[in-house]
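Visitor: Hi, could you walk me through how the chains pack in this one?
Guide: Happy to; let's have it on screen.

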Amino acid sequence: MLPVDLPGTVRDALLAPLVDHHCHGVRRDDLGRAQFEVLITEGGAPAPPGTTHFDTPFGAAVRRWCAPLLDLEPHAPPAVYLARRSELGPAEANTRLLRGAGVVAFLVDTAQDTAQDTAQDTDARNTRLHGGDTLTAAEMGRLGGAAADEIVRIERIEQDVAETAQIAVDYLDGVAAELSARAARAVGLKTAIACRAGLGFDPARPSRGAVIAAANRRLADPKQPLADEVLLRHLLWSAVDVARERGLPLQVHAGAVDVPLGPHLADPARLAGFVGALQPLGVPVILLHCYPYHRQAAYLAGLHPHVYVDVGLALPHTAAAAARVMDELLELAPFHKLLFSSHCRGVAESAYLGALYYRHALARALGARLTLGEWSTADAARIAHMIGSGNARRVYRL
Amino acid sequence: MLPVDLPGTVRDALLAPLVDHHCHGVRRDDLGRAQFEVLITEGGAPAPPGTTHFDTPFGAAVRRWCAPLLDLEPHAPPAVYLARRSELGPAEANTRLLRGAGVVAFLVDTAQDTAQDTAQDTDARNTRLHGGDTLTAAEMGRLGGAAADEIVRIERIEQDVAETAQIAVDYLDGVAAELSARAARAVGLKTAIACRAGLGFDPARPSRGAVIAAANRRLADPKQPLADEVLLRHLLWSAVDVARERGLPLQVHAGAVDVPLGPHLADPARLAGFVGALQPLGVPVILLHCYPYHRQAAYLAGLHPHVYVDVGLALPHTAAAAARVMDELLELAPFHKLLFSSHCRGVAESAYLGALYYRHALARALGARLTLGEWSTADAARIAHMIGSGNARRVYRL
Amino acid sequence: MLPVDLPGTVRDALLAPLVDHHCHGVRRDDLGRAQFEVLITEGGAPAPPGTTHFDTPFGAAVRRWCAPLLDLEPHAPPAVYLARRSELGPAEANTRLLRGAGVVAFLVDTAQDTAQDTAQDTDARNTRLHGGDTLTAAEMGRLGGAAADEIVRIERIEQDVAETAQIAVDYLDGVAAELSARAARAVGLKTAIACRAGLGFDPARPSRGAVIAAANRRLADPKQPLADEVLLRHLLWSAVDVARERGLPLQVHAGAVDVPLGPHLADPARLAGFVGALQPLGVPVILLHCYPYHRQAAYLAGLHPHVYVDVGLALPHTAAAAARVMDELLELAPFHKLLFSSHCRGVAESAYLGALYYRHALARALGARLTLGEWSTADAARIAHMIGSGNARRVYRL
C-alpha cells in the first residue's frame with residue numbers, strides 16, 4: 001500500500017489510525033456528474049466546454065485510488081466511476097471512503113451543519129459547495145468508524161448573532177456568549193478571516209468604541225457575510241479570549257484560498273504580528289493548509305512555541321506531486337508542531353485521498369531519510385506517530 | 001533523446017510537434033561573443049570581469065545541447081561554440097536550432113519587428129536585446145519549418161499611437177482603432193504591464209475623464225515608454241474589449257521579469273482581482289512564465305475557467321533543474337489549462353532549449369507518475385498531447 | 001563521506017577547504033541542556049512542555065552527524081550527546097566541530113564580540129543567543145585551524161555611536177568615522193536592516209535635513225536598538241560610501257529572519273530598487289540566507305552584475321531536506337555568483353553542519369547533472385571550486 005519499502009515499525013506507525021484534525025462534513029445525497037465535478041474543484045465553476053474537472057491532479061487521483069474502493073479497476077473513466085458510485089448509493093460510498101481513510105477521530109468544522117446555512121449563506125461558492133445535505137460531525141464519525149468532535153467556525157457564529165441582535169451592545173454580548181456556549185461543546189475554534197480580509201490585518205485588538213460603531217453599521221444589513229475588518233478582528237480576539245479560558249487551540253485558514261484580491265494576501269507570513277501578540281497568552285495557533293506558503297508557515301511554527309502547521313488541502317489536490325509539498329513542510333517545521341488533516345469537504349473522496357497522500361508522502365520522506373542514514377528507524381517511527389495523531393491528541397487534549 | 005524510458009505512445013506524444021504559443025523573433029545577424037553573452041542573460045549587462053554568462057544554467061545548456069546541433073561535441077567551450085556558429089552563418093544556425101525545436105506553429109510577439117522600434121524604443125534593455133535585426137513572424141516560421149502567427153503586444157501599439165496623436169481624443173480613438181486593426185491579423189493579444197506597473201494595479205476600468213486627463217499628460221512627452229497606470233489600465237481594458245469581440249485570448253507576462261521595484265510586484269497572485277473581473281466576459285487569460293510564482297498561477301488556473309498558464313522562460317533558463325519547475329506547475333494546474341512556450345528571444349538557442357527542456361521535464365514528470373501507477377499510459381499520452389499542442393489549438397482557435 | 005558517487009576531481013573539489021564567508025562567533029562556555037536547546041532554534045524560546053528542540057531537522061542532524069565527531073554513535077540521544085560534549089569540554093568540542101567543517105577562512109560578523117554588547121544589546125533574542133561568552137574572530141580561526149577576518153555589522157557601530165554622541169552632527173560624523181575606521185580592518189560590511197525595517201524601505205539616500213531631525217530624536221533615547229527607517233537608510237548609505245571607497249562588499253541579511261511583522265517583509269525581491277540604485281556604484285551586494293525566497297535572490301544575482309547570493313542558514317536548518325534548497329538556488333543563479341556560508345552562531349555544531357550539508361547538497365546536485373549528462377566532469381569540478389571558495393576569494397579580495 002505504501003510506495004516505498006520501510007522497516008516494520010515505521011510502516012506500522014504510518015498505517016496507524018490518524019486524527020484528522022480539520023475536515024468538513026461531506027454530502028450525503030446522490031451526486032450527478034455536474035455536481036460532483038464542481039465539488040472536486042476549488043473554483044466552483046463548471047469546467048470549460050470540451051474539458052472536465054476530472055482532468056486535474058485530484059480528478060486523476062479519484063480515478064486511480066477511489067475506483068478500487070468501489071470495486072472498479074484503477075483509472076476507471078469518470079462516467080464509469082460515477083455510475084458505480086450511484087449504484088452503491090451515497091451512504092455505502094461514503095462509508096467505504098471514510099473508513100478507507102483509516103481515521104480514529106474527525107475534528108469537524110460544522111459551519112454548514114445548521115439548517116439556516118443553506119438559505120442564508122450568501123457566499124455563492126459556499127452555497128454551491130455546501131448547500132446540499134452534508135453529514136454532521138456525529139454522522140462523519142459513525143460512517144467513518146471513528147470518534148468525532150466539533151470545531152467552531154467563528155464567522156458562522158457571528159452571522160447567527162448579527163441576524164438576531166437588535167443593537168450593538170446585544171451584538172457584542174451575543175458574540176461573546178455564543179462563542180463561549182459553542183466552545184463548551186467543541187475541541188477548537190477556527191477562523192476563515194483569510195477569505196474575508198486576508199491575513200495582513202492590524203493585529204491589535206480593536207477598541208470598544210470602534211467595535212460599537214462598526215456593529216451599528218453591521219446591524220443595518222446583517223444578512224451580508226461579515227467583511228468589516230474591525231468586526232472580524234473583534235470576533236477573532238473574542239475567540240482568543242474563549243480559547244484561552246477553555247484551553248482550546250485556534251485554527252487559522254491560510255494559503256491559497258478564495259481571497260478575491262489574491263492568494264498572496266492569505267500568506268501566513270502576514271500573520272506574524274498577530275501570532276506574536278498571542279505568544280504570551282499561550283493560545284495554540286494552528287495554521288491550516290498554507291500552500292503555497294507552507295515554508296513560511298513552517299518557519300513560524302519553528303519560531304513560536306504556540307504555532308502548529310499542516311498542509312491539509314494541498315496533499316489530495318497536488319495528489320501525484322504531494323511528496324514534494326510534504327517534504328518542503330518538513331524542511332523547517334519542528335516534528336512536534338506538524339499535524340495531519342484531510343481538509344475534506346464536499347465529497348468523501350477528499351477524506352480518503354487526504355489520508356492516502358499524507359501516508360504516501362510521509363512514507364517517501366521517511367524512506368529518503370532512512371536511506372541516507374539521516375534519521376534512525378526508531379526516530380522515524382516516533383515522528384510518524386507524532387504527526388499522525390500524537391501531536392493532535394496533545395494540542396486538542398483529546 | 002528523452003531522459004527516461006516511457007511507453008511508445010507517451011514518447012510519441014512528447015516528441016510530436018509543439019505549438020510554441022509565445023515567442024519572440026530571434027536575431028538574424030552574426031553575433032560576436034559580447035553580443036551573444038548579453039543576449040543569453042536576463043539583465044542585459046556584460047558579466048563581471050573574469051566571469052562569463054556561459055557560467056549560468058542557460059549557458060551550460062547551450063554548450064551541452066546546442067553544440068551537437070552545430071556538429072560539435074557536447075560541452076564545447078564557449079569560444080569553439082561561437083566560432084562554429086559564425087562559420088555556419090546565422091541563417092544555417094537559426095535553421096538548425098529552430099527546426100530542432102520540433103515546432104509546428106510559432107505564435108510570435110512581434111513588438112520589435114517594426115523598423116521604428118530600433119530608434120524609438122527607449123527601454124534600454126529592449127534596445128540591447130532587440131535593437132538588432134530580428135526575424136519576423138513569417139521568417140521564424142519559414143526557417144523553423146512551421147506555421148507562424150502574430151501576437152499583438154499592446155504596449156507597442158500604444159507607443160505608435162502616442163507618437164502620432166495630437167489630442168487626447170485622437171489618442172483614445174487611435175488606441176481602439178489600432179488595437180482592432182492589428183488584432184484582425186493576429187491570434188492573440190499580449191500585455192507587458194508587469195514590467196511597467198507590476199500586476200497589483202487597480203483592476204477596475206478607469207473612467208473616461210481620468211483617461212483623458214492622463215492622455216493629455218502623455219501627449220506632452222510621447223517618446224517615453226508608457227508608465228502611467230491609468231493609461232496602462234485603459235490600454236488593457238481596450239485590449240479586453242477587442243479580445244472579447246474577436247474571441248482572442250489575452251497573454252499576461254508575469255513572474256520574475258524586469259520590474260524595477262522588485263519581482264514580487266509581478267506575482268500573478270496580484271492579478272486575482274483583474275482575473276476575477278474578466279471571468280464573466282469569457283476572455284481567456286494566459287499567464288506567461290510566472291516563475292517563481294508558478295504555483296500561484298496554477299492555483300488561479302484551477303480556480304477560474306478562463307485562466308491558462310505556462311512557465312515559458314523558466315524551463316530553458318533553469319535548464320538542468322527544469323524538471324522540478326515543471327513538476328511544481330503540475331501540482332495544481334488542470335491538464336486542460338497548461339500550455340507550452342519557449343518564450344524564445346534574442347537567440348534561436350532559446351527556442352531549441354525551451355522545447356528540449358519542456359520535453360525532458362514533462363517526460364520525467366510523466367515517467368514518475370507511470371512508475372508510481374498514478375496515471376494510466378493512455379492518460380499520460382493524452383495529457384502530453386494536450387499540453388504540447390491540443391490546449392493551444394483550442395484556446396487560440398488555430 | 002559524500003552521499004553520492006562522484007568522479008575524483010569533483011569529489012576533491014567538494015572536499016577542498018571552504019571559505020565560510022558569513023558566520024558568527026560561537027559560545028566558549030559549557031552549555032546546559034536548556035541553553036543548548038535555545039541556541040539551536042530560531043525563536044529563542046524553550047520548547048513547549050513535553051517537547052524538545054532536538055525534535056527539529058537541525059536537532060536530528062546534531063545527533064546524526066555531530067555525535068560521531070564526539071566519539072558517539074550516530075543518532076545518540078540528546079542527553080548522551082550533551083553529557084559527552086560537557087565531558088570533552090567546550091574548547092575540545094568546538095575545536096573538533098570547527099576543524100571538522102574543513103574551512104580555510106572564516107569571515108566573522110563580530111557584532112557581539114565587544115564587552116558592552118552583553119549589557120547593552122536590548123534585543124532580547126540576541127541577548128539570549130549571544131549574551132554569553134562568544135569566540136572572537138581570531139579565536140574562531142585558531143580553534144578552526146583557519147584564517148579569520150572581520151565583517152563589520154553596521155547596526156552595531158551605530159549603537160556605539162548613538163550612545164556616545166551628544167548632538168546630531170556628532171552622530172553623523174561619528175557614524176561615518178567609525179564605519180570607516182572599522183572597515184579599515186575588515187573584509188566586508190553587513191546590514192541587518194531586514195530585522196529592523198524589512199527590505200522594502202525607500203531605496204533613496206535620505207536628505208541631510210531628515211537625517212538630522214531623526215538623529216535628534218534618536219539621541220533622546222539612544223539605548224534602544226535603532227528602528228527609525230531614515231537613520232537605518234542613512235547608516236546603510238554611509239556604509240555604501242565606505243564600501244565603495246575601500247572596495248568592500250556589502251552583505252545584506254534577507255529571508256525568514258526575525259521580522260516582527262512577517263518574513264515576507266525580508267523577501268530580497270523587495271530590495272530590487274536599492275540593488276538597482278547600487279549597480280552604477282559597483283559595490284558588490286551579497287544576499288545572505290534568503291530562504292524561502294532564495295529563488296528571488298538567485299534571479300537578482302542573474303539580473304545584476306554586482307549581486308551575489310547564498311542560502312547560509314537554510315542548509316543546516318533544513319538538514320535532511322537541504323538538497324532541494326540548494327538545487328532551487330542553482331536554478332537561476334550564475335555559477336560565479338554563488339557563495340558558501342554556514343551562518344553559524346551560538347554553537348559550533350552549526351558551523352560543522354553548515355559545511356556538511358553544503359557539501360552533501362552540492363554533491364547531489366552535481367551528481368544529478370553528471371548522471372543526466374548535463375554538465376561535464378571538468379565543469380562540475382570547476383563550479384564546485386568556484387562556489388566553495390573561488391568566488392569568495394574574488395569578491396572579498398582575500
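**How chain B meets its neighbours**

Guide: Let's start with a salt bridge: Arg382(B) pairs with Asp55(A), with the closest N and O atoms 2.8 Å apart. Bear in mind that this is a predicted model.

Visitor: How many salt bridges are there across the interface of chain B and chain A?
Guide: The count there is five salt bridges. Chain B and chain A also have 14 residue pairs in polar contact, both residues being at pLDDT 80 or more.

Visitor: Which elements of chain B give two or more residues to that side?
Guide: They are helix H14 (272-278), helix H15 (294-303), H17 and helix H19 (377-396) of chain B. H15(B) gives the most, with five residues. By class, the side of chain B that touches chain A has 13 nonpolar, seven polar and 13 charged residues.

Visitor: And what area is buried between chain B and chain A?
Guide: About 2,900 Å², with 57% of it from carbon and sulfur atoms. On the chain B side, Tyr299(B), Glu331(B) and Glu374(B) lose the most area to chain A, together 22% of what that side buries.

Visitor: Switching over, how many residues do chain B and chain C each bring to their contact?
Guide: Chain B brings 38 residues and chain C brings 33 residues. Asp55(B), Tyr291(B) and Arg324(B) supply 20% of the area that chain B buries against chain C, more than any other three residues.

Visitor: Which residue does Arg63(B) form a salt bridge with?
Guide: Its partner is Asp379(C), and the closest N and O atoms are 2.7 Å apart. Helices H3 (57-69), H16 (314-318), H17 (322-329) and H18 (348-371) of chain B each give two or more residues to the side that touches chain C. H3(B) gives the most to that side, with five residues. Its classes are 19 nonpolar, eleven polar and eight charged residues.

Visitor: What rotation superposes chain B on chain C?
Guide: A rotation of 120° with 0.0 Å of shift along its axis does it, at an RMSD of 0.0 Å. The two copies are thus related as by a three-fold rotation axis. In chain B, the C-alpha nearest the axis belongs to Arg324(B), 5.5 Å from it.

Visitor: Do the copies meet through matching or different surfaces?
Guide: Through different surfaces, because only 5% of the interface residues of chain B are also interface residues in chain C.

Visitor: Last one: what does UniProt annotate at residues 212-398 of chain A?
Guide: The unreviewed entry gives "domain: Amidohydrolase-related" for that span. Residues 212-398 of chain A are 53% helix and 7% strand, and their end C-alpha atoms lie 37 Å apart.

Terms used: Residues numbered from 1 in each chain as written. Chains lettered and ligands numbered in written order. Predicted model: local features only at pLDDT ≥ 70, side-chain atom pairs only at ≥ 80, totals over all residues. Heavy atoms only, no water. Contact = heavy atoms within 4.5 Å. Buried area = accessible area lost by both parts, 1.4 Å probe. Salt bridge = Lys/Arg side-chain N within 4 Å of Asp/Glu carboxyl O. Helix = DSSP H or I, 4+ residues; strand = E, 2+ residues; numbered from the N terminus. Nonpolar A, V, L, I, M, F, W, Y, C, P; charged D, E, K, R; others polar. Least-squares fit on C-alpha atoms with pLDDT ≥ 70 in both. UniProt positions renumbered as here; feature names shortened; annotations may be inferred. Polar contact = N/O pair within 3.5 Å; in protein donor to acceptor, adjacent residues only side chain to side chain.
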